[in-house]
Amino acid sequence: MYDVEQYDVIVIGGGITGLGTARDCALRGLKVLLVERDDIASGASGRNHGLLHSGARYAVNDPESARECIRENKILKKIAPHCIEKTGGLFITLPEDEDEGYGLEYQKIFIDACKTSGIDAEAIDPVDALRMEPSVNPALMGAVKVPDGAVDPFKLCSANMYDALLHGTTILPYTEVTSVIREGCSVTGIETRNTHTGERASYRASVTVNAAGIWGHGIARMAGVKIEMCPTKGSLLIFAHRLNNVVINRCRKSSDGDILVPGDTVSVIGTTSTGISYDECDELKVTAEEVCTLMREGARLCPSITHTRVLRAYAGVRPLIKSAEDATGRNISRGIVCLDHSERDGLEGFITITGGKLMTYRLMAEIATDAVCRKLGVPATCKTHRAMLSDPLVPRHSESATDELICECERVTFDDVKWAVNHLGVQNLEDLRRRTRLGMGTCQGTKCIARAAEALARAKGNPEETRELIRRFVEERWKGMTSVGWGDSLREMEYMQKIWKGRYAETAEK
Amino acid sequence: MENSLDQCIKCAECTVYCPVLKATDSYPGPKKAGPDGERLRLKDRVFFEDNLKMCLNCKRCEVVCPSGVKIADIIQRARHRHGRPIPGIRDMMLASTDLTGSLAVPFSGIINPVLKNGAVRAVLDCTLGIDRHCTLPEYAQETFESIFKKRFSRQQQSYPRKVNYFHGCYVNYNYPQLGSDFVKLMNALGFGVSLIRDERCCGVPLMSNGMFKQATRNAESNVNVLSGTEGPVIATSSTCLFTMRDEYPAVLGVDNSSIRERLTLAVKFIYESVSSGKVRLAFREGWKARAAYHVPCHMERLGWGIFTLELLGMIPGLELMELDSNCCGMAGTYGFKKENYGLSQQIGSALFSQISGRNPDFVICECETCKWQIEMSTGYKVLNPVSLLAEALDLKKTAKLNQPALP
Ligand SMILES: Cc1cc2nc3c(=O)[nH]c(=O)nc-3n(C[C@H](O)[C@H](O)[C@H](O)COP(=O)(O)OP(=O)(O)OC[C@H]3O[C@@H](n4cnc5c(N)ncnc54)[C@H](O)[C@@H]3O)c2cc1C
Ligand code: SF4
Ligand code: SF4
């Protein structure tokens with residue numbers, strides 16, 4: 001009943017940090033197992049802003065993070081061009097910023113700080129800023145051009161998973177860690193439960209890496225050590241189409257709703273920042289106040305958002321570590337935290353990697369993998385700063401609208417679905433959505449989801465599942481739409497409800 | 001307006017009514033080419049597909065859309081923004097009605113028989129890609145503008161009420177008879193007609209051939225000239241009217257607000273004048289005919305077909321049949337092109353067979369491109385309602401009824 005196979009390293013968590021770490025370990029020749037309780041990118045890694053920071057946002061207050069960002073920004077553009085859009089970014093100064101001390105004098109401080117951290121920052125004329133990004137607030141007094149970009153979080157996670165798989169990693173989604181096995185002062189493995197079947201198993205490894213994001217707090221407790229985190233919720237709104245082609249930021253101290261990021265077919269305004277309890281991390285809600293704040297502040301970046309349809313709202317939790325705790329841990333930088341629990345707690349074979357950002361995942365993985373290799377006595381060095389990241393090969397949008405499409409809004413074809421099911425570990429419609437963008441478009445799956453469920457069930461050879469797959473998907477989409485249920489989104493919701501209530505009533509009668 | 005793509009709820013109703021999609025699956029259809037495709041094109045222009053030029057711009061999708069999405073405008077604007085800017089010589093010829101017309105009219109005696117010659121048509125087919133099965137519209141021996149100057153212009157001053165007439169290229173170069181009918185009719189109703197100084201082609205053939213820059217220049221010039229006029233500006237062609245009224249702002253981005261309210265169509269103007277008691281009609285006695293009315297797509301979009309039906313319904317001797325709502329498939333000069341000919345015929349087939357089934361004396365329709373297509377494909381003669389009315393009315397009696405009361 002128990003898997004007695006011995007791994008070099010077990011990685012807990014299939015977010016970008018876990019996936020990146022698994023890949024790095026695999027590239028260094030280790031035998032790796034990754035377990036994820038849900039699907040990859042179902043935590044913060046699939047619920048963020050998708051901004052490829054240039055570091056400019058941190059330049060004034062946190063130069064170390066700024067330097068980290070610009071370094072990783074350049075590396076990702078090289079090794080993962082298929083996950084990146086080189087949009088460039090603008091930091092704009094508005095007339096109202098003047099009153100709060102963030103006028104054009106602050107712009108000078110900002111540019112100097114960027115330069116000190118090695119970030120190309122150049123003041124440009126408001127007229128040129130408008131030419132570069134016509135949707136920007138025309139009231140702007142000044143603008144600074146920086147090398148911000150957009151990163152596709154789903155594609156980045158898929159790519160790391162795909163690459164890890166190609167290098168022999170075992171990846172088990174829907175496998176939840178229920179306990180951490182301790183023998184004396186060492187962690188020697190994990191016990192798991194399959195969240196679909198309830199089946200239990202245990203796995204052994206010389207080193208276990210806790211990359212469970214905010215939930216790493218609970219994993220650490222299972223291992224008998226304590227890490228204090230401060231879960232911070234951030235909410236975002238997605239617009240129905242792309243409003244801007246250049247990232248727009250405010251040139252002032254960071255606050256709510258001050259970044260508009262173009263990502264694929266949409267633009268996303270974010271974020272807010274609210275401390276929450278651990279219990280709330282699994283049931284995130286976007287409040288009406290947050291929606292209002294984001295709309296109000298967003299309109300200052302780009303006035304046309306007020307008459308643009310909002311597709312949905314979502315929230316994620318930042319896995320931040322309390323700073324008091326940092327003093328005892330091995331604080332690599334103010335952002336990234338890697339804890340070797342043998343040094344910290346006298347517990348062998350256990351490492352926690354957390355904090356950081358989506359776009360610094362590679363560096364986080366490098367740091368964690370260095371620690372793993374040290375423990376294992378493996379001399380291999382990191383290659384991820386130059387090894388190209390494999391392309392998971394699901395094209396974003398078929399190039400011809402006359403192809404046989406399943407999802408018309410995002411142009412996902414039958415072939416894409418087949419490939420994702422066979423090669424990218426897709427088990428349900430949500431997984432399919434994260435790999436292909438199916439159902440992420442204007443109709444939120446209303447039209448395509450039955451077709452997709454049918455194709456998926458056929459590919460997996462389990463047609464009875466279809467009804468349940470659809471129900472789960474539609475409920476999840478619905479949840480994200482309720483906080484923005486006005487105007488055209490409301491009409492879409494009514495239409496969605498009509499179709500799905502109708503269909504379910506019909507099949508229920510039969 | 002600009003965000004009309006956001007209004008789409010993806011119900012796919014439009015795809016059911018698109019005549020091109022009915023005929024072929026090599027066209028993505030209004031939903032995918034319009035609001036769906038636009039979202040992707042906003043991300044990257046590589047998602048612009050050349051097959052968007054297959055759109056007839058018939059606006060049938062817009063008529064049925066429950067969400068008010070300007071589907072065809074989105075498609076036309078995308079062609080405007082991303083389309084290939086340099087058309088071939090054929091498209092240029094078909095598009096530049098002003099230029100080709102003014103070159104051809106003086107030589108119409110030579111050109112018309114030549115255009116009818118089978119060998120010449122085969123050559124046009126191979127060299128220019130104008131399908132050999134097509135009958136190209138004949139050129140007139142004299143332009144309408146010159147006929148007007150010689151025969152009509154002097155007496156127009158004597159009428160107390162005035163209208164401006166936008167005749168369009170077709171009347172000017174190919175079918176001046178319609179222009180003459182219009183002037184006679186308006187005179188009988190008590191209106192003097194003036195032509196528009198320096199009228200340019202409305203731009204429809206330019207747009208459908210992808211020459212948006214030239215179309216915009218024409219639009220700007222027409223709006224500019226028309227804003228210097230007073231009183232109603234009347235067209236006999238529904239396509240010219242629709243283009244100037246709705247496509248100038250929506251597709252070309254040319255502001256026509258200074259003239260839009262004054263733009264109207266002859267049938268609508270006459271119907272409104274009659275129904276408000278401003279003018280009266282006297283019909284010829286013993287006149288009889290059976291006619292079938294084909295509502296052109298743009299009349300469908302305007303919702304103005306009703307004016308024609310009501311107006312012609314006043315003619316005592318006329319048995320009028322309304323044909324089912326179908327696109328004829330010509331769409332400007334689309335159907336002349338070799339690559340479109342088959343498709344264009346297929347699109348129009350439902351209309352053609354209904355016409356021959358009904359076997360009317362003639363077909364009525366406000367659009368000249370429908371006229372070419374129907375005449376070429378069915379052999380039935382097509383009349384503009386204005387010509388029909390001019391024929392059915394006793395113009396002398398009518399003129400008397402509408403004479404201003406002497407002081
Ligand atoms: C609102 C918001 C906006 C952001 N914007 C940006 C941005 O623009 N740019 C940027 O670079 N970064 C951004 N970030 C930060 C970035 O999203 C996170 O730092 C990053 O995704 C964290 O990845 P992770 O893998 O560490 O955690 P997660 O992605 O949360 O992964 C942890 C995984 O562990 C799994 N897990 C939990 N418990 C168990 C268990 N018992 N057994 C097995 N698996 C378990 C979870 O299911 C989850 O998938 C943002 C974050 C938020 C919240
Ligand atoms: S305008 Fe006509 S041809 Fe074009 S998409 Fe709409 S219905 Fe189809
Ligand atoms: S009919 Fe209108 S709302 Fe429906 S899919 Fe077409 S464009 Fe969208």
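**Exercise 1: Ligand 1**

The side chain of A:Ser45 places an N or O atom 2.5 Å from an oxygen atom of ligand 1. The model under study is predicted.

Task. Determine how many residues surround ligand 1 and which are the closest, and state what lies 3.2 Å from a nitrogen atom of the ligand.

Solution. 
1. The shell around ligand 1 holds 36 residues.
2. The closest of these are A:Thr17, A:Glu36, A:Ala44, A:Ser45 and A:Met359.
3. A backbone N or O atom of A:Arg37 is found 3.2 Å from a nitrogen atom of ligand 1.
4. A polar backbone atom of A:Leu358 lies 3.0 Å from an oxygen atom of the ligand.
5. With a cut-off of 3.5 Å for polar contacts, the distance of 2.5 Å for A:Ser45 falls within the limit.

**Exercise 2: Ligand 3**

Task. Identify the closest residues around ligand 3 and classify its shell into nonpolar, polar and charged residues.

Solution. 
1. Ligand 3 is surrounded by 14 residues, the closest being B:Cys8, B:Cys11, B:Ala12, B:Cys14 and B:Cys65.
2. Two or more residues of this shell come from each of α1 (13-17) and α3 (29-43) of chain B.
3. By class, the shell comprises ten nonpolar residues, one polar residue and three charged residues.

**Exercise 3: The interface of chains A and B**

Task. Describe the contact between chain B and chain A by residues, by buried area and by salt bridges.

Solution. 
1. On the side of chain B, 27 residues are in contact with 33 residues of chain A.
2. The two chains bury about 2400 Å² between them, with 49% of this area on carbon and sulfur atoms.
3. Four salt bridges are found across the interface.
4. Polar contacts join 17 residue pairs between the chains, both residues being at pLDDT 80 or more.
5. The side of chain B that touches chain A consists of twelve nonpolar, six polar and nine charged residues.

**Exercise 4: A sheet in chain B**

Task. Give the strand order of the four-stranded open sheet in chain B and name the edge strands.

Solution. 
1. The order is β6-β5-β7-β8, with parallel pairing.
2. β6 (318-322) and β8 (382-383) are the edge strands, each pairing on one side only.
3. Three bridges link β5 (residues 289-293) to β7 (residues 362-364) in the parallel sense.
4. For B:Ala292, the bridge partner in β7(B) is B:Val363.

Terms used
Residues numbered from 1 in each chain as written. Chains lettered and ligands numbered in written order. Predicted model: local features only at pLDDT ≥ 70, side-chain atom pairs only at ≥ 80, totals over all residues. Heavy atoms only, no water. Contact = heavy atoms within 4.5 Å. Buried area = accessible area lost by both parts, 1.4 Å probe. Salt bridge = Lys/Arg side-chain N within 4 Å of Asp/Glu carboxyl O. Polar contact = N/O pair within 3.5 Å; in protein donor to acceptor, adjacent residues only side chain to side chain. Nonpolar A, V, L, I, M, F, W, Y, C, P; charged D, E, K, R; others polar. Near = heavy atom within 4 Å. Pairing = 2+ DSSP bridges.
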